[in-house]
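Welcome, and please load the model in your viewer.

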Amino acid sequence: MPYRSFEEYNIEVTDEIKDNFTSIIKNLGEDTGREGIVKTPERAAKAMQFLTSGYDMDPAAILKGAMFKEDYDDMVIVKNIELYSLCEHHMLPFFGKAHIAYIPNGHIVGLSKLPRIVDVFSRRLQVQERLTHDILECINSTLNPKGVAVVIEASHMCMMMRGVQKQNSTTTTSGFRGQFEKQETRNEFLKLISSSLD
């Protein structure tokens with residue numbers, strides 16, 4: 001989804017968020033009348049609405065809108081899906097990659113819909129563990145595949161910029177359902193997402 005223009009936002013909500021940002025900026029000690037800051041509350045209000053726009057989307061409906069009957073029953077993988085989200089604890093970004101696989105059970109889904117599902121759940125206040133679970137369970141319950149797997153690798157600004165300040169740390173979370181709970185299938189998936197097919 002492209003970045004929405006100001007007119008596409010609820011003006012009342014935008015104005016309320018803008019007022020809140022004005023108060024925050026003022027309380028931090030900045031001059032809200034300074035040239036470089038005057039429009040910051042409005043920009044921040046629109047940015048926050050975009051970054052949390054996943055609350056207004058139905059991920060199951062997105063998948064159902066592109067499901068097709070197909071006899072294919074081998075593994076389908078979409079890897080290196082970029083994701084950007086906000087940590088619900090500090091509202092600081094975390095970002096990385098998602099790797100998704102499923103084994104169809106009579107239906108396949110348009111490949112672009114899997115990254116869209118990642119976006120829907122990422123554009124909410126999140127923790128990486130729940131984000132992984134949300135993506136996994138949405139695909140599992142909507143497509144009813146023979147198996148589904150999700151791995152997310154992400155860097156968290158709340159660890160890098162503040163707190164322990166560990167700039168090179170990454171966090172990996174995973175979830176497996178159905179045939180991916182079998183060691184052989186899981187290992188095949190993990191090997192494929194970690195290798196280059198060049």
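Start with a surface view of everything: the accessible surface of the protein chain comes to about 11,500 Å², and 50% of it belongs to carbon and sulfur atoms. Such areas come from the Shrake-Rupley method with a 1.4 Å probe, and for residues only the protein chains shown count as cover.

A word on what you are viewing: this is a predicted model, where local features need pLDDT of at least 70 and side-chain atom pairs count only at pLDDT 80 or more, while totals for chains, interfaces and linings use all residues. Residues are numbered from 1 along each chain as its sequence is written, and side-chain values use heavy atoms, with hydrogens and water left out.

**The whole chain**

Switch to the C-alpha trace, which spans about 60 × 40 × 30 Å along its principal axes. Of the 198 residues, 39% count as buried (buried is under 20% relative accessible area, exposed is over 50%, and partly exposed is in between, with a 1.4 Å probe and protein chains only). Colour by charge next: there are 23 positive and 27 negative side chains, and the centres of the two sets lie 2 Å apart. Here Lys and Arg count as positive and Asp and Glu as negative, with His and the chain ends not counted; the place of a charge is NZ of Lys, CZ of Arg, CG of Asp or CD of Glu.

The protein chain has seven helices and seven strands, in the pattern α-α-α-β-β-β-β-α-β-α-β-α-β-α along the sequence. These elements are DSSP runs numbered from the N terminus, with at least four residues of H or I for a helix and at least two of E for a strand.

Two strands pair if DSSP finds at least two bridges between them.

Select β6, residues 147-156. Eight bridges join β6 to β7, and the two run antiparallel. With β3, strand β6 pairs in the antiparallel sense over ten bridges. Nine of the ten residues of β6 are buried.

**Across the sheet**

**Zoom in on V150**

Is V150 buried or exposed? V150, in strand β6, is buried, with a relative accessible area of 0%. I100 stands opposite V150. Beyond neighbours within four places in sequence, the contacts of V150 (heavy atoms within 4.5 Å) include H99, T132, I135, L136 and T173.

**Two backbone stops**

Most residues other than glycine have a negative phi. Select N80, in strand β2: its phi is near 60 degrees, a positive value. N80 is partly exposed, with a relative accessible area of 38%. Finish at M91, in the loop between β2 and β3, where phi is near 55 degrees, also positive. M91 is partly exposed, at 43% relative accessible area.
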